[in-house]
Amino acid sequence: MSSRKIRVRFAPSPTGPLHMGGVRTALYNYLFAKKQGGDFILRIEDTDQNRFVKGAEEYIIESLKWCGIEPNEGIGFGNGPHAPYRQSERKELYRKHVEELIAKGKAYYAFDSAEDLDIIRKQWEAEKKTFAYDSSTRLNMKNSLTLDALKVKDLISSGASYVVRLLVPENEEIHVQDIIRGEVNVNSSLIDDKVLFKSDGMPTYHLANVVDDYLMQITHVIRGEEWLPSAPLHVLLYRSFGWESVMPQFAHLPLLLKPEGNGKLSKRDGDRLGFPVFPLEWKDPESGEVSSGYREKGYYPEAFINMLALLGWHASGDKELFTMEELIQDFTLERVHKAGAKFDPEKAKWFNEHYLRLKSDKVLAAHLKKIAADEFGLKGDDHRLKDEFLLNAVRLLKERVQFEHEMAEKGVYLFMAPADYDRPLIEKKWKPTHGGFFQALLNSLSGMSGFSAAEVESVFKETAAAQGVKPGEVLQLLRVFVSGQGGGVDLFGMLSLLGKEEVLERLEKAMSTAVSV
RNA sequence: GGCCCGUUCGUCUAGGGGUUAGGACACGUCCCUUUCACGGAUGAAACGCGGGUUCGAUUCCCGCACGGGCUACCA
């Protein structure tokens with residue numbers, strides 16, 4: 001075997017927005033391929049026309065782009081040698097292959113209608129048995145095994161609706177070698193005669209998946225654990241086609257679980273859990289319902305990716321912060337954990353905080369400028385939209401936010417005078433004797449020529465000393481008078497940024513409205 | 001129900017026959033800071049249960065329990 005070039009695929013079906021579990025599967029495929037210098041392809045598995053959702057395909061492509069997980073072949077990323085990459089456009093291929101299987105006696109036509117099967121299932125259920133279309137029942141059904149050849153030909157040419165089923169051999173041990181889980185053994189008698197080809201002329205996932213992986217020379221199938229139960233069936237299919245020697249290796253990833261409660265994370269979880277499950281915001285074309293996305297919530301793609309990478313995988317050391325390049329370097333399937341992972345929204349925030357700190361003040365200032373314009377309505381040549389002001393504001397705020405938009409929430413008072421004050425705090429701290437101090441402070445501040453943080457601080461202290469007031473007594477009052485709040489950015493840095501005029505104005509206003517001297 | 005997979009602090013995980021069972025997030029305390037945050041230090045916090053195997057099991061094996069997945073002409 002194998003001097004074959006590594007080729008992996010991410011094969012979502014466009015039934016809605018891709019959720020974070022899907023993104024992680026794409027990521028692991030991508031990391032694995034890049035590490036080995038292989039190819040990563042995007043294939044759209046749209047064989048179920050009933051579940052097609054408009055915009056889903058575009059959503060998948062945009063999500064991968066935002067995350068920096070770029071396929072080198074496939075829909076949306078330039079076609080490669082195996083186009084088309086949309087299964088609905090490969091119909092004839094599957095028909096051809098399924099006919100080959102029938103000719104080899106590995107598959108057969110079945111004419112039982114969905115309604116017939118439904119009735120049988122219900123009957124069995126009533127007897128507390130589970131019906132399976134398999135070696136024990138197939139000879140009682142309406143198919144090319146029980147009908148004579150002429151009749152079959154007749155039915156087909158008369159346009160009767162039919163499906164094609166795999167003729168699963170009886171009592172054969174099937175071994176699936178999984179990179180993450182080791183060997184999984186299943187007896188073929190437990191597998192039913194799965195439908196390979198539907199009556200609407202489309203293949204099922206099982207057929208399309210195997211045919212395409214073979215045709216596209218996929219070497220490794222890396223997918224979610226929900227596929228593990230059907231992996232033996234896929235092995236059987238490779239065997240039936242005679243492709244076992246080039247069968248891809250399997251790696252079934254642990255599932256992403258809901259943070260609280262049980263079950264795998266699903267698209268339906270939407271925002272119910274208080275955090276996004278989708279990379280990008282999604283508006284359902286039918287209901288108009290909007291689900292939030294990591295991007296719109298202010299997460300950086302690098303934080304999102306880093307967080308996702310560590311959900312089910314861990315490097316050999318204690319390192320937790322990885323760039324995409326570093327992930328590619330360190331990633332191995334062998335180090336993927338076996339158990340499902342609940343993810344912690346708090347840790348996701350921490351990752352974002354980390355990446356925010358890494359941004360330059362300049363980049364952050366540009367975003368803050370936009371926020372100031374959009375949210376505070378500043379415009380034109382307002383000095384607060386100037387680089388110098390913005391850069392200083394960023395320096396004051398950077399260490400205390402996890403998201404860029406928090407700079408607006410935590411820094412309002414840098415841009416706007418307080419509309420009101422933390423009254424309870426003032427009542428607690430204020431003593432009538434402080435009136436003299438603040439009058440004196442007003443005086444000495446207005447006499448200043450420079451207004452640096454250090455200068456303001458020493459003037460503040462000198463004034464306090466001269467008035468016989470302990471700085472600590474009036475410090476927080478000063479803060480509330482200027483910002484309205486009892487906590488926040490570095491006080492003297494804030495005063496310096498605001499500038500003399502603004503500070504005096506705010507102080508005077510506070511003295512006349514917030515306290516009775 | 002049947003089949004398959006899994007189980008280390010609250011969460012993500014490292015580890016693996018003999019360890020003080022390690023790290024990160026979150027949480028507590030302290031230091032720094034005349035605020036808050038950052039930073040630093042520190043603390044509490046885990047091998048599901050029962051049998052084996054073994055001088056010794058959290059680690060290997062078997063049961064059980066629990067959790068999850070699959071069980072469609074869905075992927």
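1. Are α6 and α7 parallel, perpendicular or oblique to each other? In this predicted model, helix α6 covers residues 205-215 and helix α7 covers residues 231-241. Their axes come within 10 Å and cross at roughly 55°. Angles under 35 degrees count as roughly parallel and 65 to 115 as roughly perpendicular; α6 and α7 are therefore oblique to each other. The crossing of this pair, α6 and α7, is right-handed.

2. The contact between these two helices can be read residue by residue. On the α6 side it involves Tyr205, His206, Leu207, Asn209, Val210, Val211, Asp213 and Tyr214. On the α7 side the residues are Leu233, His234, Leu237, Tyr238 and Phe241. Sorted by class, the contact of α6 with α7 holds nine nonpolar residues, three polar ones and one charged one.

3. The overall division of the chain comes next. Chain A is split into domain 1 (7-76 + 207-257), domain 2 (91-197), domain 3 (267-357), domain 4 (360-412) and domain 5 (417-517). Taken over C-alpha atoms, the centres of domain 2 and domain 5 are 82 Å apart.

4. One open sheet is made of three strands in the order β4-β5-β8, with antiparallel pairing. Its edge strands are β4 (107-110) and β8 (195-197), each of which pairs on one side only. From one strand to the next, the twist averages 45°. Strand β5 takes in residues 163-166 and pairs with β8 in the antiparallel sense, over two bridges. Within that pairing, Arg165 has Val195 in β8 as its bridge partner.

5. A helix accompanies this sheet. Helix α3 (residues 91-103) lies across β4, β5 and β8.

6. Two backbone details deserve a check by eye. Most residues other than glycine have a negative phi, and most peptide bonds are trans. The peptide bond from Ala83 to Pro84 is cis, with omega near -5°. Pro84 sits in the loop between β3 (73-74) and α3. Lys128 is not a glycine, yet has a positive phi of about 60°. The place of Lys128 is the loop between α4 (114-126) and α5 (149-157).

7. Which way does α16 cross α17, and at what angle? Helix α16 (residues 434-446) and helix α17 (residues 453-467) have axes that come within 9 Å and cross at roughly 140°. Angles over 145 degrees count as roughly antiparallel, and α16 and α17 are therefore described as oblique to each other. Their crossing is right-handed. From α16, the residues Gly436, Phe437, Ala440, Leu441, Ser444 and Leu445 meet Val456, Val459, Phe460, Thr463, Ala464 and Gln467 of α17. The contact of α16 with α17 counts eight nonpolar residues, four polar ones and no charged ones.

8. Helix α16 also packs with helix α20 (residues 500-513), at an angle of about 160° and with the axes 10 Å apart. That angle makes α16 roughly antiparallel to α20. The crossing of α16 and α20 is left-handed, whereas that of α16 and α17 is right-handed.

9. Which residues make the contact of α16 with α20? From α16 they are Phe438, Leu441, Leu442, Leu445 and Ser446. From α20 they are Lys500, Val503, Leu504, Leu507, Glu508 and Met511. This contact divides into eight nonpolar residues, one polar and two charged. Leu441 and Leu445 of α16 are listed in the contact with α17 and again in the contact with α20.

Definitions and conventions
Residues are numbered from 1 along each chain as its sequence is written. Chains are lettered from A and ligands numbered from 1 in the order in which they are written. This is a predicted model: local features need pLDDT of at least 70, side-chain atom pairs count only at pLDDT 80 or more; totals for chains, interfaces and linings use all residues. Side-chain values use heavy atoms; hydrogens and water are left out. Domain bounds come from an automatic or database domain assignment. Axes are lines fitted to C-alpha atoms, for helices over the stretch in contact, and angles run from 0 to 180 degrees between N-to-C directions. Helices (H or I, at least four residues) and strands (E, at least two) are DSSP runs, numbered from the N terminus. A crossing is left-handed if the near helix is turned anticlockwise from the far one by less than a right angle, and right-handed if clockwise. Contact means heavy atoms within 4.5 Å. Ala, Val, Leu, Ile, Met, Phe, Trp, Tyr, Cys and Pro count as nonpolar, Asp, Glu, Lys and Arg as charged, and the others, Gly among them, as polar. Two strands pair if DSSP finds at least two bridges between them.
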